[in-house]
Amino acid sequence: MDVIKDILTFLADNVFGQVPILIGLITLIGLVLQRKRFEDVFAGALRATIGVVILFIGVEVFTGGLTSFQTVLASAMGTTPPKADRSLADFLTDQGGTIALVITVAFLVHVLVVRLFPAARYLYLTGHLMFWVSTVTVASLVTIAPGADQFTLVLCGAGFVAAYWTLQPLWMRPLMRRVMPDDRFGYAHTSSLACLITGYAARPLGSREKHDTEKLKLPRQLSFFKDVNVSTALIISVIMLIGVALADHGVVTKAAAEMDAKLSPWVWALLVGLRFAGGIAILLFGVRMFLGEIVPAFKGFSDRVIPGTRPALDAPTVFPVAPTAVMVGFVASTGVFLICLGVFAGAGWFTLAPPMIMLFFVGGAAALFGNVVAGWRGAVLGGVITGLVLAVGQAVTWDLFDKTAPELSTLADPDWYAIAWLLKAADPVVGGNSIWLVPAVALAAMVATLVLLGRAEKRRADEPGDAAAPESAPAEA
């Protein structure tokens with residue numbers, strides 16, 4: 001038993017937890033299954049791996065600045081994060097092995113389900129979110145069943161997580177078909193609920209054809225805003241300069257000194273804005289590079305291992321479709337969150353911690369899906385919804401994790417809150433030994449959904465003249 005546990009933990013830590021390795025291996029196997037020549041297999045797998053590495057380098061470049069800005073922003077707003085007796089580090093020390101086992105077992109179950117049910121369609125491949133979804137699930141299970149042993153937590157957590165990984169790309173599919181009409185890959189990110197709400201709420205606001213963010217007409221003097229790199233650098237630099245002007249001088253000086261001890265805080269603010277724009281450019285280059293390899297390579301899996309399946313990938317994979325919408329969403333979500341921060345602090349409700357990284361990825365993704373429905377109006381709505389969800393979610397979820405890892409509420413994406421409160425709502429029913437109802441209900445709901453989807457697809461395929469309907473009419477859910 002210990003040997004199996006060690007193997008599963010090794011796979012979780014060194015394969016599923018390392019996105020470049022995971023994507024590289026899948027590309028390698030996919031090309032081998034297509035019987036490509038050795039040089040094509042080797043080069044394709046390496047390019048996919050390097051593409052993911054470049055993507056993460058881009059993320060590190062701009063998130064480094066956002067982390068410092070988060071500190072400056074909190075100082076400018078005169079707020080301090082809430083205190084807790086427990087920390088995420090403590091929780092990972094106690095339950096890190098359990099989380100690793102949940103990731104591995106859940107992925108094996110997920111692969112089996114996708115193989116058995118053609119309607120499942122997508123294989124979830126966002127490695128770092130495999131870790132976070134499993135962490136949130138284990139923390140929630142520990143909260144509702146504090147006496148559960150590791151074996152129970154692993155199997156119950158894995159069943160629930162496998163159901164989420166299977167269903168999440170499916171409920172995003174109607175919107176993704178607007179973004180990717182050819183259905184080359186699915187969307188696997190824990191911003192999905194904010195994106196889904198935005199997609200449906202934006203319908204009355206107009207159409208993409210009239211208001212697309214990527215086709216906005218600007219006066220000649222402002223035409224430089226159409227270059228996403230220029231507009232990103234300018235907007236973030238202005239926000240940074242305002243933050244520096246309002247923040248405590250000591251906090252700003254310390255943040256600037258982390259980059260260079262001799263650096264002026266004002267120059268530091270400009271450099272952070274420039275680095276942010278550079279990081280986005282690097283990220284988008286990495287996305288294009290690894291998508292150019294993983295999507296065609298995955299055909300090997302689709303043809304020989306899991307017929308009809310497609311990869312479900314991280315949020316940045318769709319950002320090249322509408323980078324201007326992504327920036328609109330980030331700015332709108334940040335503005336709304338800061339308003340909520342001031343209101344909550346003034347009313348004495350809760351001291352919010354600005355989650356700049358989540359505001360960018362979730363706000364950008366929700367805005368992109370809002371844009372494909374209603375243009376720039378939908379993009380703004382996506383940012384507004386993101387800011388509200390992250391602010392309210394953070395305030396109401398902090399106490400839920402007070403005995404496990406409260407930071408899971410401040411580092412969270414919308415789906416984290418949904419998972420936590422869904423499992424909390426089940427607390428009166430599943431307390432004690434009834435915790436086994438969690439995976440039972442989740443897997444039963446998953447199977448029922450897949451069976452119904454499979455029957456619906458079969459009926460459409462059998463109707464004369466409608467066989468191509470799913471591919472040609474992606475607009476509605």
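This is a predicted model: local features need pLDDT of at least 70, side-chain atom pairs count only at pLDDT 80 or more; totals for chains, interfaces and linings use all residues.
Me: Is Arg 35 buried or exposed?
Reply: A residue counts as exposed when its relative accessible area is over 50%. Arg 35 has 67%, so it is exposed.

Me: Where is Arg 121, and what is its phi?
Reply: Arg 121 sits in a loop. That loop runs between helix H4 (88-116) and strand S1 (122-124). Arg 121 is not a glycine, yet it has a positive phi of about 70°.

Me: Is Arg 121 buried or exposed?
Reply: The cut-off for buried is under 20% relative accessible area. Arg 121 comes to 11%, so it is buried.

Me: Which helix contains Thr 135, and what is the relative accessibility of that residue?
Reply: Thr 135 belongs to helix H5, residues 127-144. Thr 135 counts as buried. Its relative accessibility is 0%.

Me: Which residues does Thr 135 contact, leaving aside neighbours within four places in sequence?
Reply: Start with Leu 92, which is 43 residues from Thr 135 along the chain. Their C-alpha atoms are separated by 8.4 Å. Leu 92 is one of the contacts of Thr 135.

Me: What separates the C-alpha atoms of Thr 410 and Leu 437?
Reply: Along the chain, Thr 410 and Leu 437 are 27 residues apart.

Me: At what angle do the axes of H15 and H16 cross?
Reply: H15 covers residues 356-374, and H16 covers residues 376-397. Their axes come within 6 Å. H15 passes H16 in a right-handed crossing. The angle is roughly 145°.

Me: How do the residues of the contact of H15 with H16 divide?
Reply: On the H15 side, the residues include Met 358, Leu 359 and Val 362. On the H16 side, they include Trp 376, Arg 377 and Leu 390. The residues of this contact divide into nine nonpolar, six polar and one charged.

Me: How many helices and strands does the protein have, and what is its radius of gyration?
Reply: The secondary structure comes to 21 helices and three strands. The globule rule gives 23 Å for 477 residues. The protein is close to that, so it is as compact as a globular protein of that length. Its radius of gyration is 23 Å.

Me: What share of the residues counts as buried?
Reply: The C-alpha trace spans about 60 × 55 × 50 Å along its principal axes. The protein has 477 residues. Of these, the buried share is 52%.

Me: What share of the accessible surface belongs to carbon and sulfur atoms?
Reply: The accessible surface of the protein comes to about 20,500 Å². The share belonging to carbon and sulfur atoms is 66%.

Notes. Residues are numbered from 1 along each chain as its sequence is written. Side-chain values use heavy atoms; hydrogens and water are left out. Axes are lines fitted to C-alpha atoms, for helices over the stretch in contact, and angles run from 0 to 180 degrees between N-to-C directions. Helices (H or I, at least four residues) and strands (E, at least two) are DSSP runs, numbered from the N terminus. A crossing is left-handed if the near helix is turned anticlockwise from the far one by less than a right angle, and right-handed if clockwise. Contact means heavy atoms within 4.5 Å. Ala, Val, Leu, Ile, Met, Phe, Trp, Tyr, Cys and Pro count as nonpolar, Asp, Glu, Lys and Arg as charged, and the others, Gly among them, as polar. The radius of gyration is taken over C-alpha atoms; the globule rule is 2.2 Å times the number of residues to the power 0.38. Buried means under 20% relative accessible area, exposed over 50%, partly exposed in between (1.4 Å probe, protein chains only). Accessible areas come from the Shrake-Rupley method with a 1.4 Å probe; for residues, only the protein chains shown count as cover.
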